[in-house]
Amino acid sequence: MRGKFYIPTKTGESAMKKTVAIILLCLIIAPIIFNKTIVEAYHGSKCLKIYFNRKAGDTGGVQVELDGTTDLSRKRLSVWMKVPREAADANIAAKIFIFDGKWKWADAGPHITSFGGREDQWVELVWDLSKNPPSETGFPECDPTNVRIVGVLIGEWAGGNWSGYIYIDAFGLSDPDGQNYQILFDFEEDTEGWTGWGAIETVETVSVETPIPTPSPSGKIYLYYDFSSSRGRTFRLVDVNSDGKYDYRIDICNWNINSAKGGRINMTYDISTTTLITEADIWGAQPQNYVNGYPEIYVGRKPWDGQYANGLGLNFPYKVSDLVLGVASLKVSFSVDLQRLNPDMNFNIAADAWLVDERHAFNPGSGLSIPHVEVMVWVFRSNLGPAGSKVGEEDMSGRAWEVWRKVETNNATYIAIIPKGWSLRKGSISYDVSEVMRIAKKYAPFDISDYYLVGWELGTEWGTKNSGGVAQFRCSISNYTVTETPAPTPRPTSTPTSTPTPTPTSTPTPTPSFGEFAPYIILVIVLIISILEVIILYKKKKELTPATLVILFAYWFKLTC
């Protein structure tokens, strides 16, 4: 009888049936208990899982850059989302947005999808651009025939302060009647290209089998854009020390070029040596501009970015008056090595920074305030001059500089601080951002004391205005750091009361309660009782083989672990 259950008496048979029934019940319940967070993806085997912290901000969302610009002007753009009951009860709602090839924003306007009454089910959000183009939803400057980014904006236009996990999957487009549907992005490969927006805290893919966290980068990071195929991976948020916080953003930033007949831009960032190498070999660029792009690395954010890269002890945004008066202090340091440059093309090596009002500074993704100030600090240039006209000269960090300015009719201002009588093609430099803000405040056409610095960018502006559409260069930027240095105690008589920069509040990890472990404790108790009963039966010479028990419990262990 080896290898079989065999109970020769009715009493033994009844006891064994009860034992087997209990064990089978454990086998059924265990997978449900241990895998209660598994979520079935809408399309394929993976979806995006994000923790939406309503208490940390008014809105949140995600965006993805497409392989190439896409014509959505006569298309129906959609995305699938799922929220739990608590979110549906709180009237969570969302709508779709896009960026065109010129980084002009548009969203679905008043066409908001509410999840009220539709919890724990996949809901399709739809924006029919053939019926409601950007010009009809309040964004006439956005070009729907040339879309490079699609995304979804999640907000709580009504309701309470709900926070928790929600799921997003399968951006797709179709004809207005729903025919010819195709997937634009479905998270099957990875989450590259996605960024947090506002209150989003974590981003990861979720498989139907097991959650897969977003991997931390290591070694080298490669970005590229191939103009021959209009494909590439053009930006990346980087966590250099694997502490779960973004430290830098690296971006090819082809912001002012529509196309080229051929060629590529490659960017390689070596985490171990903190060196960023940018190489370009492009021909037939259109249009031929003084500036076509700005490959860069930066901390903080741009005004239209969805989140700050503040991982290295920074706390953007910084108030201008705090920097000018010494309440806060930032030091910028880096080395450059321009190894190859086509002498006919337009080129510079420069930092870029944006100053916006308080409302825009503390609402990532809200864009530029009107008015605003863009400040650049150049260290090298070839066939390229700053916009506007020269308005002054200044000394900064022991060097001589010229100040150039251009002011638009709405007081939107561009200020460039460029070398006077010197140039840095190969070498190192450092300067204090407080000095830059002092100069910006002096030459701005309005008082920027209450404005905020939202980030510090460093890159290479390039253009093809003088080179017949050809761009060829290789430049490395290494040891780029922006550090918050100890500031001297400010003079009480001259220091105004400043609005403190809010520190993002992370959701605390709750202390486990007995109720959370109750299902596990009950399951263990039931299992122990079942095992003891089987052992008693076995010792009473009831024909229950150890091999059968091993197989049974091995199966249970596989399901629960």
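Buried means under 20% relative accessible area, exposed means over 50%, and partly exposed lies in between, with a 1.4 Å probe and protein chains only. The model is predicted: local features need pLDDT of at least 70, side-chain atom pairs count only at pLDDT 80 or more, and totals for chains, interfaces and linings use all residues. Residues are numbered from 1 along each chain as its sequence is written, and side-chain values use heavy atoms, with hydrogens and water left out.

**View 1. Lys406 pairs with Glu408 in a salt bridge.** A salt bridge puts a side-chain nitrogen of Lys or Arg within 4 Å of a carboxyl oxygen of Asp or Glu. Here the closest N and O atoms are 3.9 Å apart. Lys406 is partly exposed, at 39% relative accessible area. Glu408 is also partly exposed, at 40%. Elsewhere, salt bridges that share partners join Lys390, Glu393, Glu402 and Lys420 into one network. The structure holds 19 salt bridges.

**View 2. Arg249 forms a salt bridge with Asp305.** The closest N and O atoms are 3.9 Å apart. Arg249 lies in strand β17 (residues 248–251), and Asp305 lies in the loop between β20 (296–300) and β21 (318–319), so the pair ties together parts that are 56 residues apart in sequence. Strands (E, at least two residues) and helices (H or I, at least four) are DSSP runs, numbered from the N terminus. Arg249 is buried, with a relative accessible area of 7%. Asp305 is buried, at 7%.

**View 3. Glu457 and Lys302 meet through their side chains in a salt bridge.** The N to O distance is 3.9 Å. Glu457 sits in strand β30, and Lys302 in the loop between β20 and β21. These distant parts of the chain are 155 residues apart. Glu457 is buried, at 2% relative accessibility. Lys302 is buried as well, at 6%.

**View 4. Asn348 sits in strand β23 (residues 346–356).** Asn348 is buried, with a relative accessible area of 0%. Its side chain makes a polar contact of 2.6 Å with the side chain of Glu461. A polar contact is a pair of N or O atoms within 3.5 Å; within protein, one must be able to donate a hydrogen and the other to accept it, and residues adjacent in sequence count only if both atoms are side-chain atoms. Leaving aside neighbours within four places in sequence, Asn348 is in contact (heavy atoms within 4.5 Å) with Trp378, Phe380, Arg381, Leu384, Gly459, Thr460 and Glu461.

**View 5. The second largest cavity holds about 40 Å³ of space.** On a 1 Å grid over the protein atoms alone, a cavity is a set of points where a 1.4 Å probe fits but cannot get out; lining residues have an atom within 4 Å of a point. Volume is the space filled by probe spheres set on the points. The structure holds 3 cavities of 30 Å³ or more. Strands β19 (275–283), β30 (455–463) and β31 (471–484) each supply at least two lining residues.

**View 6. Helix α5 spans residues 433–443.** Its buried residues include Val433, Val436, Ile439, Ala440 and Tyr443. At the start of α5, a side-chain oxygen of Asp432 reaches to within 2.8 Å of the backbone nitrogen of Ser434.

Notes. On a 1 Å grid over the protein atoms alone, a cavity is a set of points where a 1.4 Å probe fits but cannot get out, and a pocket is an open set with protein on both sides within 12 Å along at least five of seven lines; lining residues have an atom within 4 Å of a point.
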